[in-house]
Amino acid sequence: MLRKYSNSRTLGDNVKLGVLTAFSAGMVNIASLLLFFSFSSNVTGHYAILAAELVKGNLYQAAVVLGWIFLFFFGGFVSNMFVIHMNKKNTYVAHALPIVLEIICLVAVGIYGQFFYKETLVETEAMLALMLFAMGLQNGLTASISNFAVKTTHLTGVTTDLGILFSMFTHKEHRKNNELKGKAILLLSIAAAYLAGAVVSGITYMHMGFRLFYAVSLFLVVVIFYDFYKLKLFRYLSNKRTKTQAIQLETIAKQLPNIPEQKKKRTQEEVPAY
């Protein structure tokens, strides 16, 4: 999921990345809606609220909402900075660091909410800001490494693209197009995973409260260690194959000096005595 970049990624890579991150985004968005009465995985509604606050002349609230929008933007900015500046040195680390930052943000929200939250407006605004930054990180990362094929924190674009794709499938030749079918599978998987994450979050929120953010963070840890485990396994198998080949070459090299002697001995035995 995190080891490959842009056009080197397969449909399977994008589906796995899209499903796992969309599931976590669905969980975070519903948690923020239930806890703070506001969405945190997209900013479309916040643009409308910003306009409304400006019209009303509520400059403080307008500044707060503008700050939320900026943090979502800044999350995408930071993610892509990691990708474009560290990709050549270590692709896996470049792609994993935004997820690590996202986990830190979500765990911070969980700890503060569980132990310190007094339900004041300032606290709510600050925690929502942190969650928007986390979602910006995630959306920026998935879009950047998949060449904008995977966006998982909101479904407006996904739903629009699905509508366009299904209208194209009304033509027979498009129904046979594997690229279009693959894109439809990817988008449907993202939408289904987001919905599933939201439902699971809504059910578990009643029992877990702010501890729900620990569960989401654990889910993202799985995303990171899935590729880490595969990298370690690949290196182990590669090293094992290299050692096996070295042993075989060493065995052949040891046998080489004996070959002339064996040939000489066999030649002497074959020469008839007169």
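This is a predicted model: local features need pLDDT of at least 70, side-chain atom pairs count only at pLDDT 80 or more; totals for chains, interfaces and linings use all residues.
Local features need pLDDT of at least 70, side-chain atom pairs count only at pLDDT 80 or more, and totals for chains, interfaces and linings use all residues. Residues are numbered from 1 along each chain as its sequence is written, and side-chain values use heavy atoms, with hydrogens and water left out.

**Exercise 1.** Work out how helix 3 and helix 4 are arranged, and which residues make the contact.

*Solution.* 
1. Helices here are DSSP runs (H or I, at least four residues), numbered from the N terminus. Helix 4 covers residues 91-115, while helix 3 is 59-86.
2. Now the geometry: the two pack at about 165 degrees, and their axes lie 8 Å apart. Axes are lines fitted to C-alpha atoms over the stretch in contact, and angles run from 0 to 180 degrees between N-to-C directions.
3. Angles over 145 count as roughly antiparallel, so helix 3 and helix 4 are roughly antiparallel to each other.
4. Contact means heavy atoms within 4.5 Å. Helix 3 brings Val-78, Ser-79, Phe-82, Val-83 and Met-86, and among the helix 4 partners are His-95, Pro-98 and Leu-101.
5. Sort the contact residues and you get nine nonpolar, three polar and no charged. Nonpolar covers Ala, Val, Leu, Ile, Met, Phe, Trp, Tyr, Cys and Pro; charged covers Asp, Glu, Lys and Arg; the others, Gly among them, are polar.

**Exercise 2.** Find which helix gives the largest share of the lining of the largest pocket.

*Solution.* 
1. Helix 2 (44-56), helix 3 and helix 5 (121-145) each supply at least two lining residues.
2. Helix 5 takes the largest share, with four residues.
3. By type, the lining divides into eight nonpolar, four polar and two charged.

Methods: Angles under 35 degrees count as roughly parallel, over 145 as roughly antiparallel, 65 to 115 as roughly perpendicular and the rest as oblique.
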